[in-house]
Amino acid sequence: MMNALSLVIGLFALALAVFAFLPFLGWANWAIIPLAMVGLGLGFLSGKDAGRNLNLVVIVVGAFRLFMGGGII
């Protein structure tokens, strides 16, 4: 159950992260990364790895986007 909830949160955060890759919307990653961290926490509580790995990818993508945009853009 926790893995399924983690996957749902991860897919939602990934959809938002794709949206935040547009120019001038990088600031949205400041909300996406904590959302993915919640999913990551739920993924750690489950016995499977899929939700945890998805949320790790979303966090890395969001952090990279923030790094490339200087934290704002």
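**A friendly note on two glycines and a helix pair**

1. Let's begin with G47, which is exposed, with a relative accessible area of 80%. Please keep in mind throughout that this is a predicted model. G47 sits in the loop that links α2 (29–45) to α3. Although G47 and M2 are 45 residues apart in sequence, their C-alpha atoms are 8.5 Å apart in space.

2. Now look at the helix that follows this loop and its partner. Helix α1 covers residues 2–19 and helix α3 covers residues 50–68; they pack at an angle of about 20 degrees, and their axes are 8 Å apart. Because angles under 35 degrees count as roughly parallel, α1 is roughly parallel to α3. Their crossing is left-handed.

3. Which residues of α1 and α3 make the contact? On the α1 side you will find N3, S6, L7, I9, G10, L11, A13 and L14. From α3 come A50, G51, R52, L54, N55 and V58. By type, the residues of this contact divide into eight nonpolar, five polar and one charged.

4. Next, a glycine in another setting: G71 belongs to the segment after α3. Is G71 buried or exposed? Its relative accessibility is 17%, so G71 counts as buried, the cut-off for buried being under 20%.

5. What does G71 touch? Leaving aside residues up to four places away in sequence, G71 touches W30 and L66.

Technical notes: Residues are numbered from 1 along each chain as its sequence is written. This is a predicted model: local features need pLDDT of at least 70, side-chain atom pairs count only at pLDDT 80 or more; totals for chains, interfaces and linings use all residues. Side-chain values use heavy atoms; hydrogens and water are left out. Axes are lines fitted to C-alpha atoms, for helices over the stretch in contact, and angles run from 0 to 180 degrees between N-to-C directions. Helices (H or I, at least four residues) and strands (E, at least two) are DSSP runs, numbered from the N terminus. Angles under 35 degrees count as roughly parallel, over 145 as roughly antiparallel, 65 to 115 as roughly perpendicular and the rest as oblique. A crossing is left-handed if the near helix is turned anticlockwise from the far one by less than a right angle, and right-handed if clockwise. Contact means heavy atoms within 4.5 Å. Ala, Val, Leu, Ile, Met, Phe, Trp, Tyr, Cys and Pro count as nonpolar, Asp, Glu, Lys and Arg as charged, and the others, Gly among them, as polar. Buried means under 20% relative accessible area, exposed over 50%, partly exposed in between (1.4 Å probe, protein chains only).
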